[in-house]
Amino acid sequence: MMAYQPLSDRLRPQTLADFVGQRHLLGENRALSRVFASQHLHSMIFWGPPGTGKTTLARLIAQQSDLQFISLSAVLDGVKEVRKAVEQAQLHREQFQQGTLLFVDEVHRFNKSQQDAFLPYVEDGTFVFIGATTENPSFELNNALLSRARVYVLRSLDEDDLKRVLQRAQTLVSEDLGEALIIESAAAEVLIQAADGDARRLLNFVEQATDFAEPNIDAQTQAPGLVLTPQACKEVVQAGIRRFDKGGEAFYDQISALHKSVRGSDPDAALYWLVRMLDGGVDARYLARRLVRMASEEIGNADPRALDVAINAARAYERLGSPEGDLALAQAATYLAVAPKSNAVYMAYKAALKDIKQHGSDEVPLHLRNAPTKLMQSMDYGQGYRYAHDEPDAYAAGECYFPESMVEREYYLPVERGLEIKIAAKMAHLKQLDQQAENKRRQGS
């Protein structure tokens, strides 16, 4: 009996022509296309979301360049496996005069000393190194390793890419079944939307949904087949997103419940949802990031300490891990819940972003520009700028800091809660000074 092989593995591209997505890297005369064409390999870091083809690209580079391919996982493998891979690469070069491509998945999971272990063998040519990561390499990888590897950013697959993957999956599954698999257009849309740019996730959905396909007779050929309906796909998709949830609701519903509990100033409910997700196995670092977001979005300047509390909780978790670090997240969640609330910064940010998208890139007024050179000074850069510290109360009353083509805006409107009560009073005073300056200007003219 043949061992089970997932659809995503069986559909893995065997040639570059079959690869889907990443046109910004693999299009004509693009970065990775030149690597394939020139055969001048260098060490690389593939940074991108899951299911975007990082492992497949590494395999294709090894195949195209006639290199032995060795794969490690930073999640599963350690120093022992790294040494074994080095020995295997050295032996292969001695016996067969063939190079090796060493691929390390989730490379950011290796600690500093483990990452440093690769450096001598990268430099002496024992192997070409390719690491794959879903995390920002700037924060997760050593500078020494980054300096020896070029970072390529892989993007989530777009809808057209996923349609191509789905069509290939439909063909392969039909061959496996010995009868046609028909995927209704509405069903395809459900699968593609749920995949969220992840080809592997899409193929897993297809494989699961096939078990729910309904018998169908082709109206023209009368040949038997199977049809995937939107309802069947929705059932599979809903089951697939019940992550970290022992009670039956979707994972993101629990995140929403936590966020709304904090916004609603209910520390007990906030603690309940936080602990429920931690107990269910959610990535606590994800929760930490969400708490930091809540501190700015829901509290803002009504209590600026909230952001410090959230960031410190995230740092504490990174240092301690679970279960010790869980308590720091609980402390942050309850503090955010009882803190005075303001979404003034959040609303101001959205209003400013809307203006920027509508008005484009208006020029910086001359008086706000730096003038470090004589040429810039001759062009009136910085001319007429009023240095606020030289003005009464360190405030240049009546000065305008917006582009000349824009009417001055009021984005930030503090609420009457927490520290923003004082901020609102300060802003009202400054506005009064602006009005006095404007009145003097009019009287002078």
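How exposed is Tyr411? Tyr411 is partly exposed, with a relative accessible area of 21%. Buried means under 20% relative accessible area, exposed over 50%, and partly exposed in between (1.4 Å probe, protein chains only).

This is a predicted model: local features need pLDDT of at least 70, side-chain atom pairs count only at pLDDT 80 or more, and totals for chains, interfaces and linings use all residues. Residues are numbered from 1 along each chain as its sequence is written, and side-chain values use heavy atoms, leaving out hydrogens and water.

**View 1. The buried side of helix 3 (residues 31-38).** Helices (H or I, at least four residues) and strands (E, at least two) are DSSP runs, numbered from the N terminus. Leu32, Ser33, Val35 and Phe36 are buried in this helix. They cover an arc of only 155° around the axis, so they sit on the same side of helix 3. The arc is taken from the directions from the helix axis to the C-beta atoms. An α-helix has 3.6 residues a turn, so residues three or four places apart point the same way. The buried residues pack against helix 2 (23-26), strand 1 (44-47), helix 4 (54-64) and strand 5 (150-153). Contact here means heavy atoms within 4.5 Å. Just after helix 3, Gln39 has a positive phi of about 65°.

**View 2. Helix 4, mostly covered.** Of its 11 residues, 8 are buried. Among them are Lys54, Thr55, Leu57 and Ile61. The buried residues of helix 4 pack against helix 2, helix 3, strand 1, strand 2 (68-73), strand 3 (100-105) and strand 4 (128-133).

**View 3. An aromatic cluster of Phe110, Phe118 and Phe129.** A search of the whole structure finds 7 aromatic pairs. Rings of Phe, Tyr and Trp (its six-membered ring) pair if their centres lie within 6.5 Å; planes under 30 degrees apart count as stacked, over 60 as edge-to-face and the rest as tilted. The ring centres of Phe110 and Phe118 are 5.9 Å apart and the planes meet at 45°, so this pair is tilted. Phe110 is buried at 3% relative accessible area. Phe118 is buried too, at 0%.

**View 4. The tilted pair Phe402 and Tyr411.** The distance is 6.3 Å centre to centre, with 55° between the planes. Phe402 is partly exposed, at 22% relative accessible area.

**View 5. Arg369 over the face of Tyr381.** Arg369 lies 4.9 Å from the ring centre. A charge sits over a ring if NZ of Lys or CZ of Arg is within 6 Å of the ring centre and within 35 degrees of the ring normal.
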